[in-house]
Amino acid sequence: MSATPSTLLQAVTEVARLSGGAALRHFHPGIAVETKRDGTPVTVADREAEAVARAWIESRFPDDGILGEEFGEARPDAARRWILDPIDGTKSFIRGVPLWGTLIAVAEGDRVLAGAAHFPALDEHVAAAAGEGCWWNGVRCRVSDVATLAEATVLATDERFRSAPDRQRDWLRLVAQSGLSRTWGDCYGFILVATGRAEAMIEGRLAAWDLAPFQPIIEEAGGSLTDWDGRATVFGGSAIATNAALAREVRAVLADRAGVPR
């Protein structure tokens, strides 16, 4: 299968929809939950959804590498690799909260070429590829034009920042200067930024599969995505996603971690 930006945009879209559809079949009360070695929950839905994505990729891009949250890495030396999170927000999923998503990205080296985030329980889909724009349910989308923190909505997954407690103080400083703050973030927070419904999504610690599709999604929507050190990467273990107008100011408020001068 060819690998133009347009083709990859179609590919991540199809994989995300198929994988998300497999997860949705298990989205009901009482699903059995196991605990992985790292202490996080996993269900049959996570595993089945990733297996569907892997089978699709193997049949069409057999030389590409695959990195997935549930089944690890295949062909790690491949020039191009797919990065999969079958259910981002498993804790929400098992509690019946619909703000979970299936995340699919394809990258060469440290640069993500295309990414998709599918939200089956909400019937929302966002996808983007370099130079191809960002598309929300088939319509071109972009970040908001809000230019002052006093009018901005800022998001996080957990205001306690339990995975990175040293960064909670920086988050609280941002909240104090913002118009509105909300949690229940996970992957949905990044989509709210890309579609202009929020201005910033902050994550203190996360894996590459939690973030990979959002590099093209946020950038093609006109926004900014960096780690807490200000690097434009999804492999830095943290994330600050904003609209363009507030990118510098948000990082300045988080300056103790973001490396941006006040």
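Trainee: In which order do the five strands of the open sheet come?
Mentor: The order is β12-β11-β13-β15-β14, and the pairing is mixed, where two strands count as paired if DSSP finds at least two bridges between them and a strand is a DSSP run of E of at least two residues, a helix one of H or I of at least four, both numbered from the N terminus. Bear in mind that this is a predicted model, in which local features need pLDDT of at least 70 and side-chain atom pairs count only at pLDDT 80 or more, while totals for chains, interfaces and linings use all residues. Residues are numbered from 1 along each chain as its sequence is written, and side-chain values use heavy atoms, with hydrogens and water left out.

Trainee: And which strands stand at the edges?
Mentor: Those are β12 (180-182) and β14 (224-226), each of which has a single partner strand, so one side of each is left without a neighbour in the sheet.

Trainee: How many bridges join β13 to β15?
Mentor: Four bridges join β13 (residues 200-203) to β15 (residues 239-242), and the two strands run antiparallel; Ile 202 stands opposite Ile 240, and Met 201 opposite Ala 241. On the β14 side, β15 pairs in the antiparallel sense over three bridges, with Thr 226 opposite Ile 240.

Trainee: Which way do the β15 side chains point, and are they buried or exposed?
Mentor: Ala 239 and Ala 241 point one way and Ile 240 and Thr 242 the other, and all are buried, with buried meaning under 20% relative accessible area, exposed over 50% and partly exposed in between (1.4 Å probe, protein chains only).

Trainee: Switching to α4, which residues are buried there?
Mentor: In α4 (residues 168-177) they are Asp 170, Trp 171 and Leu 174. They cover an arc of only 100 degrees around the axis, taken from the directions from the helix axis to the C-beta atoms, which puts them on the same side of α4. On the other side, Arg 169 and Ala 176 are exposed.

Trainee: Last topic, what about the largest pocket, how many residues line it?
Mentor: It is lined by 38 residues, of which Thr 40, Lys 91, Thr 157, Ser 163 and Asp 186 lie nearest its centre. A pocket here is an open set of points on a 1 Å grid over the protein atoms alone where a 1.4 Å probe fits, with protein on both sides within 12 Å along at least five of seven lines, and lining residues have an atom within 4 Å of a point.

Trainee: Which element gives the most to that lining?
Mentor: That is α3, with four residues.
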